[in-house]
Amino acid sequence: MLKRLDKIRFRGQKRDEFLDLAESPNASDSECNDDLLMKPRVSLKDAEELRDPAGPGSISMAAAIQDYQRTESDRLNEVKGHLEIALLEKHFLQEELRKLREETNVETLKQELEKERSKRVDLEQKMNEILKTRLEDSPPPPPKAHGPTVNGTGEKQKESLSSKLWKWLYERFGVYIEDFRFQPEENTVETEEPLSAKRLTENMRRLKRGAKPVTNFMRNLSALSSWHSVYTSAIAFIIYMNAVWHGWAIPMFLFLAILRLSLNYLIAKGWRIQWSIVPEVSEPMEPPKEDLTVSEKFQLVLDVAQKAQNLFGKMSDVLEKIKNLFMWVQPEITQKLYIGLWMAFIASCLLPYKLLGFIIGLYAGIKFFIIDFLFKSCPKLRDKYDTPYIIWKSLPTDPQLKERNSATLNRRQIQPVVARGSLGAGVPSGIGREEESGRAYSTKRGPFHEVFNLSENERPLPVCENGWRCCLINRDRKMPTDYIRNGVLYVTENYLCFESSSSRSTSSKKNKVIKLQDITDIQKYKVLSVLPGSGMGISIATPSTQKPLVFGAMIHRDEAFDAIFSQYTKIIGSTPSITVANSET
């Protein structure tokens with residue numbers, strides 16, 4: 001009986017017979033199936049029982065029953081686990097192989113090889129064509145004559161001379177003739193580099209170093225115009241006016257360019273030549289750090305992105321102003337440019353070029369050395385009489401034009417409402433014009449008071465007429481759709497209103513209205529403590545919520561917090577007992 005139980009006990013493989021997942025080597029599908037069967041491990045206790053079959057029967061019976069209870073499904077699950085591990089390893093190996101193939105760029109090398117082969121074939125065809133044309137152009141060999149041998153030798157000399165002449169011409173001018181052959185253009189696609197914080201900062205430093213000569217030149221011109229060095233500006237003014245008077249303005253500028261190139265050549269050879277009207281300030285160069293933490297990399301990217309944003313903003317302002325000047329966006333400004341161009345055209349047709357150049361050079365010298373100095377020294381005088389400066393400042397950009405258009409549309413919508421309210425006799429005397437205009441305020445989904453089910457007197461404060469874009473994080477909810485919602489936050493005199501921007505929120509159920517008097521705690525909140533800075537969120541606690549509501553991802557977080565806090569203090573009257581701090585959780 002004991003022998004039969006032992007056979008039942010060791011019919012299948014034990015759990016310990018399979019390889020441990022952490023100890024199993026990397027193997028493919030075929031390798032995994034071959035390595036599953038291993039030699040069963042025999043414990044000391046089982047060995048003693050085999051040696052002494054007449055041992056205690058109760059212990060061996062219990063062990064046999066315990067092993068027998070293991071079903072075939074358990075063994076299949078173990079085998080299935082090993083197969084899944086093998087499949088995962090196969091998938092990872094395939095991914096590594098794909099990455100290696102991408103890195104080697106085998107396809108690009110094949111394409112380049114095909115291009116080179118096609119070029120070689122084209123060259124061979126061209127060489128064959130040239131050889132054929134030579135054979136066709138060359139005169140046929142003369143028939144053998146029975147005459148004297150002297151004439152035969154003369155004709156051979158002529159043929160050798162003509163072939164030498166053709167060969168010389170081809171060696172001299174054949175390369176130039178090949179350059180005039182028309183070939184289709186090859187479309188080369190430039191490979192884009194992946195985003196890297198190190199590469200981004202390096203490019204910004206390169207841009208700064210490349211623009212340094214231009215900025216230094218502009219600084220020197222500004223110093224000459226503002227008479228930073230009186231002697232230098234006086235000498236430059238005398239030399240310039242003398243050159244204009246004698247008609248040497250253009251040769252003078254050319255001589256200055258040659259002089260600058262000569263100085264640059266000497267500097268490149270190792271000479272230490274530094275000449276500048278304004279002393280240069282050497283900025284300390286920070287050594288680049290190799291090992292940066294995640295927060296340092298994120299802060300570095302933010303700093304570079306901020307500089308790029310400001311630079312692109314200034315460039316776009318200049319380009320938009322020039323575009324609006326020529327597109328008659330403000331006709332009174334473009335009209336001045338139009339009249340000036342007509343006057344310059346008539347003067348260029350009537351006056352001789354020598355006199356015209358003298359007038360332009362004389363005006364440029366007086367404007368640069370005298371008029372600009374007076375305007376920089378006297379800002380009020382500049383605001384009144386500097387026509388180019390006034391025109392440039394009054395030119396609008398595209399965002400300013402959009403704001404003007406939206407303001408005019410709002411005025412057109414508000415005026416009929418105010419007119420109808422002034423005719424009615426039932427308007428209370430305490431309601432002013434601003435409150436009447438507030439009734440016409442509406443959001444994207446309708447009138448403000450109807451969206452949030454408030455009274456008509458409630459309207460957003462002037463600070464947040466357009467609202468603050470943010471996302472509401474309600475940590476009391478468990479559903480993902482209710483946990484985070486994007487929308488706009490408004491502040492009225494008595495309420496804090498959140499309008500959800502979800503396309504499914506057609507009703508006011510998704511919107512959130514909080515009474516300012518019910519707020520028990522307000523904080524500047526930081527959603528992720530890993531990120532640098534004080535965060536971009538506001539945490540507001542009320543008695544109706546177990547966990548505070550968080551309005552996160554607010555670009556103008558400090559402005560919104562100050563507006564909510566100031567309105568709260570107005571309602572409470574005294575200093576509120578709330579926490580105003582930067583939460584780092």
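1. In this predicted model, Ala553 is placed in the loop that runs between β9 (549-552) and α20 (557-572). Its phi is positive, at about 55°, although Ala553 is not a glycine.

2. Trp227 counts as partly exposed because its relative accessibility is 24%, where buried would require under 20%.

3. Aromatic pairs in the structure number 13. One of them joins Phe498 and Phe551, whose ring centres are 5.9 Å apart; the planes meet at 50°, so the pair is classed as tilted. Distant parts of the chain are linked by this pair, since Phe498 belongs to strand β5 (residues 495-500) and Phe551 to strand β9, 53 residues apart. Both Phe498 and Phe551 are buried.

4. A single aromatic cluster is formed by Phe237, Tyr240, Phe253, Phe368 and Phe369. As a separate item, Arg382 sits over the face of Tyr389, 4.2 Å from the ring centre.

5. On the overall fold, the protein chain contains 20 helices and 10 strands. Of its 585 residues, 21% count as buried. For contacts between residues at least 6 apart in sequence, 58% connect residues at least 24 apart. The chain has an accessible surface of about 45,200 Å², and carbon and sulfur atoms account for 60% of this area.

Methods. Residues numbered from 1 in each chain as written. Predicted model: local features only at pLDDT ≥ 70, side-chain atom pairs only at ≥ 80, totals over all residues. Heavy atoms only, no water. Helix = DSSP H or I, 4+ residues; strand = E, 2+ residues; numbered from the N terminus. Buried < 20%, exposed > 50% of the residue type's maximum accessible area, 1.4 Å probe, protein only. Contact = heavy atoms within 4.5 Å. Areas by Shrake-Rupley, 256 points an atom, 1.4 Å probe, with all protein chains shown as cover. Phe/Tyr/Trp six-rings, centres within 6.5 Å; stacked < 30°, edge-to-face > 60°. Lys NZ or Arg CZ within 6 Å of the ring centre and 35° of its normal.
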